[in-house]
Amino acid sequence: MSSNDKIYKIINARLLLEHEIVENSYLWYQNGKIIHPQNLFFSARRDADEIIDAKGLLVVPGFIDTQINGAYGIDFADSEEPVEVLKQNINKVAKGLLQYGCTAFCPTVVSSPPHVYEKVLPLLNRRKGNAKTGAEILGAHIEGPFISVLKKGAHKQSVFRDAKNGIKDFDDAYGSELKKGNEAISIITMAPEIEGVCDAIPDLVARGITVSIGHSACRIAEAEKAVMKGANSITHLFNAMQAFHHRDPGLIGVLGAADLPIPDTPQRHPESSKTSPARNKPDPRPFYGIIADGVHVHPNSVRIAYYSHPSGIVLVTDTLSAMGLPKGNYVLGGSEVEVDDKGGAYIKGTKTLAGSTITIDECIRNFQKFTNCSTVEAIEAATLHPARLLGIDDRKGTLNVGGDADLVFLDDSQGELQVKRVFVAGEEVEL
């Protein structure tokens, strides 16, 4: 019998199932997919071929990071090296992320000229994960170049553009990869006030691409218009956007929206919560990314966002090439960045944040610490929520039957969640 056909049974586990932790439960999987044991007994008349003892650990879905610019000295926007070197670099990051429980990610590319996208985006297409080669790639997250000069952050203004010609300008900017839809590009961050951007949102959504609002100085009306056009995410809430003002709360104010149209389908929308406009229907407000490193966003601000819209939070690292490396000077999208003792990464010589150096498991621990949310809520902010955001919650983000057997075993005995074992498509990673 090949290892793929083997049936695995995890015992002595506490499983995260349907928003609850189920004690002393079993989880079965085969061929990298979670299966229902009842079908085995009645159709195949088989029992498990291999038992995995979780020894009382918490077993949860693999973590998903939808915004990561690079790590270990590698920047996904780097196009200088030969293609073979770039492939090796991507593999190095994908492999390194597994130790933090990250089993799937969207490699993120900052604003770049067309020739950079033409070279790097084909390397960031969707591909399956593997315990030996690394986390699954879910398609690229492209930030810019359709963003605001007023909220540019570390992005190079010289490549910014508008969309006067609608979707054609997006195709011209990103090249042939955009035609492949979410096989190549999962998320695009854009500013809705830039000319032509809002009108192009339905065309991008029709290609299966998640549209996220960010690096924007938009007012609340422009933000809500983008959401009604199909945008279902806000990129790193509070960062690179107008500060909250009581008369016009800008992009942040969308979290308080009460009159957005209720979605016809739950796909790609947050589940209802105590603060949702309709308590028994999907939440029309967008998901929102939060960098919970304690540097990008004050813990009190994280708490306000969470209390306002708990089912919409998506934990992201927004790490750059310095992740996994000591403090010092690094490069992001061709700009020099310096990392301080707290892990904050700034454009060299300024106080402008360029990204973080935090890991996704640390984001989960911080989020729980900052908000006093439950263990389930903390984990779902890095599993179920990003999966729903991307429309892949049929196979990612849960331990439901039919889902991918991407698993993280967590020890919470000391009061904080610590990664102990990681599985990708049912195969254990050597940590």
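**Close-up views of the pocket and cavities**

**View 1. The largest pocket holds about 400 Å³ of space.** Its lining is made up of 26 residues, and those closest to the pocket centre are Asp-75, Ala-77, Asp-78, Ser-79 and Gly-334. The model shown here and in the views below is predicted. Two or more lining residues come from each of β8 (74-75), α2 (83-97), α3 (114-120) and β17 (328-332).

**View 2. Helix α2 at the largest pocket.** With three residues, α2 gives the largest share of the lining of the largest pocket. Sorted by class, the lining of this pocket consists of 14 nonpolar, eight polar and four charged residues.

**View 3. The largest cavity has about 80 Å³ of space.** The structure contains four cavities of 30 Å³ or more. In the largest cavity, 14 residues form the lining, and Thr-66, Ser-233, Ile-234, Val-316 and Leu-389 lie nearest the centre. The elements β6 (63-68), β14 (233-234) and β15 (287-290) each give two or more residues to this lining. Six residues of the lining of the largest cavity are nonpolar and eight are polar, with no charged residue among them.

**View 4. The second largest cavity has a volume of about 60 Å³.** Pro-61, Gly-62 and Ile-64 are among its lining residues, as are Thr-103 and Ala-104. The lining of the second largest cavity also includes Arg-395, Lys-396, Gly-397 and Thr-398, together with Asp-404 and Asp-406. By class, three residues of this lining are nonpolar, four are polar and four are charged.

Notes
Residues are numbered from 1 along each chain as its sequence is written. This is a predicted model: local features need pLDDT of at least 70, side-chain atom pairs count only at pLDDT 80 or more; totals for chains, interfaces and linings use all residues. Side-chain values use heavy atoms; hydrogens and water are left out. On a 1 Å grid over the protein atoms alone, a cavity is a set of points where a 1.4 Å probe fits but cannot get out, and a pocket is an open set with protein on both sides within 12 Å along at least five of seven lines; lining residues have an atom within 4 Å of a point. Grid points are joined across faces, edges and corners, and a volume is the space filled by probe spheres set on the points. Helices (H or I, at least four residues) and strands (E, at least two) are DSSP runs, numbered from the N terminus. Ala, Val, Leu, Ile, Met, Phe, Trp, Tyr, Cys and Pro count as nonpolar, Asp, Glu, Lys and Arg as charged, and the others, Gly among them, as polar.
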